[in-house]
Amino acid sequence: MFHKGDYEIIICVKGPIYIKVEQERFCLLEHDVLVLPPFTHFEGCQDSKEGIDFYWLHYFSQYKERVITGEADQIILNIKTKSSEQRQITLPMHFKLQDDMQILVLVHQILSVHDDIAYIDERDYLTSALIIYLFKAFASQHDPDDRSKINYIKEWIRANISATLTVAEIAENVHLNPDYLTRLFKKYTGMTTLQYLNHLKIEVASLLLVRTEMPIKQITTESYFGDPKIFTRKFKSETGLSPSAYRHSYNMIHHNNPHVDPQIPVPKRIEDSIDYIPENGDVRS
């Protein structure tokens, strides 16, 4: 294929996916992102032995594409030292996401935009938000040591999340003072540790709402909330919608592959059961 003027972003959920871009070969694995610039030849270059899952989207930029080369740390530093009016989104062709749940939620929101007549095109804004999140995910991997520490702690929380997990327990297991831990989270995520913990649970619930027909009461439990009323209140506070309204808004999605197995911190028995995605409402190609 040849891109005449559009960018393409491929987000791998399950690999390996083998792609040759011009003369360079890429192997995309789980959580990998590949950005294909305009005016580029690319092709599949090797068979994948097992099934693969991925999302992809095309978009046009308002500005002429510009390819730069250099070390990622230096490029990110250069971006940060520019004034806010001069900053532009810069993405590597190939990188791995450390945390892809918010990215996958945004992709689903783009896919589920209805074709109703509207004054603005929601996809434009949602795609812009997705690209910004991808840039932030890439840039966060090239911050000072404290950023690496936060990424480790976030991964620990993901692996050990439960309905009873507390800030004190997190701090004890990562060998930090609870107040210092919260200051770090506030600095690098804009949220306190407790807010991040609830945010992570809401992201799990969001994915289960759009990818399964699981009853909301069960989703409350599987997203690590002990009380349905607390779950509903916190979900609406973060998303602006009740769980049922959120499901209704984002369930009109056609999937090329009905098996979607993202890496989200849900109980293993639930993760293994997500192998059917209903095509509710209109089916669009």
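## Two helices side by side

Helices α2 and α3 are roughly antiparallel to each other, a label for angles over 145 degrees. In this predicted model, local features need pLDDT of at least 70, side-chain atom pairs count only at pLDDT 80 or more, and totals for chains, interfaces and linings use all residues. Residues are numbered from 1 along each chain, and side-chain values use heavy atoms, without hydrogens and water.

Helix α2 covers residues 101-111 and helix α3 residues 122-140. Helices here are DSSP runs of H or I with at least four residues; strands are runs of E with at least two. The two helices pack at about 165°, and their axes lie 9 Å apart. Axes are lines fitted to C-alpha atoms, for helices over the stretch in contact, and angles run from 0 to 180 degrees between N-to-C directions.

From α2, the contact includes Q102, I103 and L106. From α3, R123, L126 and Y133 are among the residues involved. Contact means heavy atoms within 4.5 Å.

## The open sheet

Strands of a sheet pair through backbone hydrogen bonds. Here, 4 strands form an open sheet in the order β6-β1-β4-β7, with antiparallel pairing. Pairing requires at least two DSSP bridges between two strands. β6 (53-59) and β7 (94-96) stand at the edges with a single partner strand each, so one side of each has no neighbour in the sheet.

Strand β4 (residues 32-36) is joined to β7 by 3 bridges. L34 stands opposite H94 in β7.

## Helix over sheet

α3 also lies across β1 (7-14), β4, β6 and β7. It runs at about 115° to β6.

Terms used. Angles under 35 degrees count as roughly parallel, over 145 as roughly antiparallel, 65 to 115 as roughly perpendicular and the rest as oblique.
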